Amino acid sequence: MALLETRNLGRNFGGLAAVSNLDLVVDEGEILGLIGPNGAGKSTLLNLVDGTLRASKGRIVFRDQDITRYPPHRRARLGIARVFQRNALFKSMTVLDNVLAGSFLHARHDPFSVLVRSLEHVRRQREVITRCMDLLAFVGLDDRAHMMATSLPHGSQRELCVAVALASDPILLLLDEPLTGMNADETASMINIIKTLNREKGTTTLVVEHNMKAVLGLCGRSVVLNYGQKLTEGTPRECVADPAVIEAYLGTDTDVV
Amino acid sequence: MTRAGLARIPAKPIAIVALIAVVLLMPNILSGSTYWLTVLTLLAINVLLVSSLRSVTLINEISLGHVGFALVGAYAQGLLMLKGGLSFWSSLILSGLLAAFVAAVLGYPFLKVKGIYFSILTLLTAETFRLVAYYSDFTGGFTGLLGIPAPEPMNLFGRTVEFTTVNTYYYLAVGLVIVALLILYHFERAYVSFQWRAIRDDSMLAAAVGVNVIRFKMVNFIISAFMAGISGALFAAFQHNLSPDTTSRFGTLMSIYILVYMVVGGKSHFIGPFIGTTVLTLVAEFTRPIAEYQPMVTGAIAILVMLFMPMGLAGLPAQIRRWAGKQFATRPLPKQSGE
């Protein structure tokens, strides 16, 4: 069943069509890999799905609901979580506070109970903290919960980004190059995190990634973009073997001078 | 929110209570010196204005237009009391609400832009308000608004207290400023702090985790404009006369001054505006014999603070602690980064 669907989706930057006429279907419970050469429109597509960018044309449907005109925070509340390509973290907060922020923010706080710090409020706060510590344990950061987020090394920051996104219990997780700049161990542990999440919680994941080996191991299905359009789709193995894909990445013989 | 140093917290309320006690006993300490009480009353009003300015920095914006909201509050107070015949208290609240309303109308387009663009828009708004007050007959034109009455006498414990002199108005102003600061503090610390911090740190990520960024920015801007309006209203009822002149406290120069107060005090601390405003006001008072060089003195202090105390005067204890930690550490500091 389709969880997310884009219909004839397009986005222009001036005269450049970063994404055009894109029909993409993300099925519930799958890990879909989005691949393509630089400038193919992968990040633009993620920005369109999470609402950072508005679509120039076409529609985005999430769980049978047209979300094309929704601002990012409403999409987040519907269950779309995003991990940015850069290490986007709340810099003034500790590791735990980052995850708390990720989960707190769409819980509605009744101003009065916050003001008087009612028992109900304190109890709920404790629950949230326990849940966040569990999440940190899941990504392997629970021992560093009280450090400043920015003092973590790159790989751990990346894992924290994922934990922040997971704090909202997302239905659809958008990962923008989660493995960039990671060493072999970190890559393995990140792949493990994504897979475990998918297996145990059934989180549907849309992942943009350049590391082909990881895509082969991670994704059941992949879509190749080129010049903002869908080049091909299928299992990652089929896609990699497709002559059109090889041409998009490497060019044809005639291109070589 | 989690806090590592729980043991340090009890010291704070004690310090605050002590500070409030000193502030309340000030007329006795100064044995009723009208001059110094006037200075202190204006200081309290300025502390509120600078604190409201600092409040906007919580969403990572610099407003250069808070004197504009102070002007709206001041003129509203004056006009409501003079022409509307309302009491001090009701016009005080209405002045704050009017400033907040103006911020609510302007906030949406203004907060859609960021950084220097936001600053420029607020600067121009303040200047526009001043020019409207300057050229409109309704607000008294360039002569300003004259003869704003003092708050009406209050009946306290069977004693009638008049607010016509600074000795009594001091208590009224300081009391209201303290209440206003407590409200600001509450907003910053408890109610919407996570949202504001999240927006300040990374507004894109904040939106991605479900914060309605523009709404919480609006909440911030409106509260801060309300407080600026209140400070203006307190000023109006204290000075009895308002001038829309460039050199008045509603001119651009004042916008810059309150910015300097904030930076010198340290904008990352709630107490910063209080410290910065107090220090620079006292410096201004003690350099009165060389009044023409006074802006230079203020400027020099601002530059020195920015160079050597990037966190402002309020950040000095933390800076000293860190320095001492480095100098006298007997064992290496715990590693900050991971393995």
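In chain A, the centres of domain 1 and domain 2, taken over C-alpha atoms, are separated by 26 Å. The bounds come from an automatic or database domain assignment, which gives domain 1 as 1-79 + 170-257 and domain 2 as 82-169. The contact between them takes 19 residues from domain 1 of chain A and 16 residues from domain 2 of chain A; two residues are in contact if their C-beta atoms, placed from the backbone, lie within 7 Å.

This is a predicted model, in which local features need pLDDT of at least 70 and side-chain atom pairs count only at pLDDT 80 or more, while totals for chains, interfaces and linings use all residues. Residues are numbered from 1 along each chain as its sequence is written, and chains are lettered from A and ligands numbered from 1 in the order in which they are written.

On the side of domain 1 of chain A that touches domain 2 of chain A, helix 1 (42-50), helix 2 (72-78), strand 7 (172-176) and helix 7 (184-201) each supply at least two residues. Helices (H or I, at least four residues) and strands (E, at least two) are DSSP runs, numbered from the N terminus. The residues of that side divide into 10 nonpolar, 4 polar and 5 charged. Here Ala, Val, Leu, Ile, Met, Phe, Trp, Tyr, Cys and Pro count as nonpolar, Asp, Glu, Lys and Arg as charged, and the others, Gly among them, as polar.

Chain A as a whole has 10 helices and 10 strands. Its C-alpha atoms fill a box of roughly 70 × 40 × 35 Å along the principal axes. Of its 257 residues, 42% count as buried; a residue is buried if 20 or more other C-beta atoms lie within 10 Å of its own, exposed if 12 or fewer, and partly exposed in between, with C-beta atoms placed from the backbone.

The largest nonpolar core has 164 residues, and A:Ala163, A:Leu174, B:Leu48 and B:Ala99 have the most contacts inside it. Such a core is a set of buried Ala, Val, Leu, Ile, Met, Phe, Trp, Tyr and Cys residues joined through C-beta atoms within 7 Å. Leaving aside neighbours within four places in sequence, A:Leu174 is in contact with residues including A:Leu46, A:Ile80 and A:Leu206.

In chain B, B:Asn241 sits in the loop between helix 9 and helix 10 (252-265). B:Asn241 counts as partly exposed because it has 13 C-beta neighbours inside 10 Å.
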